[in-house]
Amino acid sequence: MTLTGKYVFLRAIEPADLQLLYKWENDTSVWKVSNTIRPFSKHILEKYIQDSHLDIYTTKQLRLIICKTGGTPIGTIDLFDFDPYHLRAGIGILIADEKEKQNGFGNEALKLLVDYCFSVLHLHQLFCNITADNKPSLKLFAKHKFKTSGFKK
């Protein structure tokens, strides 16, 4: 399976993920890195889950749940601002639980999604938006050959 690694696998969002997404999306400590400025209602997230079966070419985004090999969800990884004309997209990743961070799960999830982007979606460019003080994310994306191309002020 394309989206399965040694320690994690990436899967589609399921209706049973509503509570998890509600918790993760409304965690104000990650709003700074996710460009979120307001809470999400369960109703909006339910609607999002219902529409998650739509094609990336329609929605211009793809969100997947990161699960440990035993099936425990530990975060999300997503493509956003998908541009089918220029064949590029942004990538965002969240390992939600502090105790699951720095264990290589984000590294493997990112590798799986990057490989999927180039081999299945045939993208030519991936990008991410990381704040200068987010050293773990900068290190993670640099490990996957992402280059710094500018700084937002």
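**The sheet and its surroundings**

Modeller: Start with Arg-88, which has its place in strand E4. This is a predicted model. Arg-88 is partly exposed, as its relative accessible area is 29%. Beyond its neighbours within four places in sequence, Arg-88 is in contact with Asp-81, Phe-82, Asp-83, Leu-123 and Gln-125. His-124 is 36 residues from Arg-88 in sequence, yet the two C-alpha atoms are 5.9 Å apart in space.

Now the sheet itself. It is open and has five strands, in the order E1-E2-E3-E4-E5, with mixed pairing. E1 (8–12) and E5 (125–127) stand at the edges. Each has a single partner strand, so one side of each is left without a neighbour in the sheet. On average, neighbouring strands are turned by 30° against each other, direction ignored.

Strands of a sheet pair through backbone hydrogen bonds, either parallel or antiparallel. Here, E2 (residues 62–68) and E3 (residues 73–83) run antiparallel, and six bridges join them. Leu-64 has Ile-77 as its bridge partner in E3.

Next, the helix on the sheet. H5 (residues 105–119) packs there and touches E1, E2, E3, E4 (88–95) and E5. The direction of H5 makes about 160° with that of E4. H5 has 15 residues. From first C-alpha to last, H5 reaches 21 Å, close to the 21 Å expected at 1.5 Å a residue.

The buried residues of H5 are Phe-105, Gly-106, Glu-108, Ala-109, Leu-110, Leu-112, Leu-113, Val-114, Tyr-116 and Cys-117. These buried residues pack against E1, E2, E3, E4 and E5, and also against helix H6 (135–143). An α-helix has 3.6 residues a turn, so residues three or four places apart point the same way.

Back to E3, where Thr-76 is found. Thr-76 is buried because its relative accessible area is 7%, and the cut-off for buried is under 20%. Leaving aside neighbours within four places in sequence, the contacts of Thr-76 include Arg-63, Leu-64, Ile-65 and Ile-66. Gly-92, Ile-93 and Leu-94 are also in contact with Thr-76.

Then the rings. The model has three aromatic pairs. One of them joins Phe-80 and Phe-127, edge-to-face, at 5.7 Å centre to centre and with 90° between the planes. Phe-80 lies in E3 and Phe-127 in E5, so this pair ties together parts that are 47 residues apart in sequence.

Arg-38 lies over the face of Phe-40, at 5.4 Å from the ring centre. Lys-42 lies over the face of Tyr-22, at 5.0 Å from the ring centre.

Terms used: Residues numbered from 1 in each chain as written. Predicted model: local features only at pLDDT ≥ 70, side-chain atom pairs only at ≥ 80, totals over all residues. Heavy atoms only, no water. Pairing = 2+ DSSP bridges. Helix = DSSP H or I, 4+ residues; strand = E, 2+ residues; numbered from the N terminus. Axes fitted to C-alpha atoms, helices over the stretch in contact; angles between N-to-C directions. Contact = heavy atoms within 4.5 Å. Phe/Tyr/Trp six-rings, centres within 6.5 Å; stacked < 30°, edge-to-face > 60°. Lys NZ or Arg CZ within 6 Å of the ring centre and 35° of its normal. Expected span 1.5 Å × (residues − 1). Buried < 20%, exposed > 50% of the residue type's maximum accessible area, 1.4 Å probe, protein only.
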